[in-house]
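Please keep the structure open while reading.

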Amino acid sequence: TGSTQCCVTVSPVSPTAATSSDEEDDSDSSTKPIRSEKKKNPASLFQTGGDPPKEKKSKKKAPSKGAESEEETPETVQKNSNKKGKAKKSKKQKEERPPSPVIEVDNLEEFVLQPAPQGVTVKCRVTRDKKGMDRGLYPTYYLHLDNDKKVFLLAGRKRKKSKTSNYLISIDPTDLSRGGENFIGKLRSNLMGTRFTVFDNGANPDRANADWSNVRQELSAVVYETNVLGFKGPRKMTVIIPGMNADCERVPIRPRNDNDGLLMRWQNRNMDNVIELHNKAPVWNDETQSYVLNFHGRVTHASVKNFQIVHSSDHYYIVMQFGRVADDAFTMDYNYPLCAVQAFAIALSSFDGKLACE
């Protein structure tokens with residue numbers, strides 16, 4: 001692949017490698033959207049019409065032909081470039097990009113579980129800490145807002161005595177215990193390490209209240225597909241999330257057993273109140289001999305972990321993107337309907353041992 005890593009890498013592409021017509025569009029991105037005016041609000045991609053307390057509506061998602069995001073749209077056109085972008089034009093790119101909106105985090109627990117505001121890209125940074133006795137095997141991951149204040153949002157770490165990969169997610173960087181009051185969610189894998197489920201901090205179904213109100217919700221699931229080469233070549237990811245109701249709130253998915261979770265619903269094509277997303281396929285670049293995706297300056301290092309998540313009905317609306325900017329630093333940006341816990345857990349899944357072939 002021309003890469004020193006054992007996996008084919010997904011390289012970032014900068015706008016310096018855009019075609020002339022793309023550059024004309026980008027140059028005026030501050031004043032006009034590139035996508036056509038007919039686009040609908042992206043919320044329609046994720047609305048399933050489900051009532052919050054019940055999960056039995058038969059109405060399926062009604063994806064629009066496309067959707068528009070004020071922030072992401074001008075920068076997310078994928079370019080099959082003919083040269084690798086250098087950083088020298090990043091200054092111009094910063095001027096074109098709308099400034100990151102001010103994100104207020106008054107109540108941290110509430111914020112990390114709330115969907116991103118519509119039309120706002122929440123830009124974050126993930127750092128990996130491998131220092132200390134067993135941090136090499138069990139690093140701690142920290143999520144901060146990628147702004148001037150660098151507000152801490154979440155921390156995550158793999159549990160040591162667990163048969164499958166099990167990551168605890170906390171709203172306190174110093175307290176990553178399962179019983180602590182700062183525990184906000186967890187990521188659990190199957191034995192193969194190819195399928196992951198994200199839970200909030202609710203109770204196990206075995207300890208349910210009579211009305212089932214305290215039982216944990218499944219916030220998302222991630223499926224990594226192998227190809228004939230195992231995990232070599234670009235990764236293929238499917239992300240399954242609960243749909244949104246008419247009030248733009250997440251429809252609660254509270255499985256009573258393992259056969260009712262997001263993964264089983266997806267596997268059985270029971271997609272009521274469930275949305276399926278995929279990673280955007282990178283394009284092979286002959287000159288750099290690598291697969292490329294356009295991250296518009298938010299990702300600077302080639303890595304098999306770099307990905308963008310989109311809805312099949314609109315590849316221009318980036319639900320989430322994640323990529324390397326240093327050895328132990330990554331950017332993670334997410335949009336409606338994801339919340340910070342969902343996006344962070346999806347990012348954590350990409351670090352898991354069975355997938356890590358860099």
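## Burial and the model

Buried means under 20% relative accessible area, exposed means over 50%, and partly exposed lies in between. Arginine 128 has a relative accessible area of 14%, so arginine 128 is buried. The model is predicted.

## Salt bridges

The structure holds six salt bridges. One of them joins aspartate 328 and arginine 128, at 2.7 Å from N to O. This pair links distant parts of the chain, 200 residues apart. Aspartate 328 sits in the loop between strands S14 and S15, and arginine 128 in strand S2. Aspartate 328 has a relative accessible area of 29%, so aspartate 328 is partly exposed.

Aspartate 146 pairs with arginine 298, with the closest N and O atoms 2.9 Å apart. Aspartate 146 lies in the loop between strands S3 and S4, and arginine 298 in the loop between strands S12 and S13, so the bridge ties together parts 152 residues apart in sequence. Both aspartate 146 and arginine 298 are buried.

Glutamate 276 and arginine 269 also meet in a salt bridge, at 3.0 Å from N to O. Glutamate 276 is buried at 15%. Arginine 269 is partly exposed at 46%. Shared partners join Asp146, Arg298 and Asp333 into one salt-bridge network.

## A negative surface patch

Glu104, Asp106, Glu109 and Glu110 gather in a patch of negative charge on the surface. Glutamate 109 belongs to helix H4, residues 108-113. Its relative accessible area is 37%, which means glutamate 109 is partly exposed.

## Cysteines

How many disulfides does a search of the whole structure find? The search finds zero. Cysteine 248 is partly exposed at 28% relative accessibility, whereas cysteine 339 is buried at 0%.

Technical notes
Residues are numbered from 1 along each chain as its sequence is written. This is a predicted model: local features need pLDDT of at least 70, side-chain atom pairs count only at pLDDT 80 or more; totals for chains, interfaces and linings use all residues. Side-chain values use heavy atoms; hydrogens and water are left out. Patches are made of residues with over 30% relative accessible area and no salt bridge: like charges are joined within 9 Å, nonpolar side chains (Val, Leu, Ile, Met, Phe, Trp, Tyr) within 5 Å. Accessible areas come from the Shrake-Rupley method with a 1.4 Å probe; for residues, only the protein chains shown count as cover. A salt bridge is a side-chain nitrogen of Lys or Arg within 4 Å of a carboxyl oxygen of Asp or Glu. Lys and Arg count as positive and Asp and Glu as negative; His and the chain ends are not counted. The place of a charge is taken as NZ of Lys, CZ of Arg, CG of Asp or CD of Glu. Helices (H or I, at least four residues) and strands (E, at least two) are DSSP runs, numbered from the N terminus. Buried means under 20% relative accessible area, exposed over 50%, partly exposed in between (1.4 Å probe, protein chains only). A disulfide is a pair of cysteine sulfur atoms within 2.5 Å.
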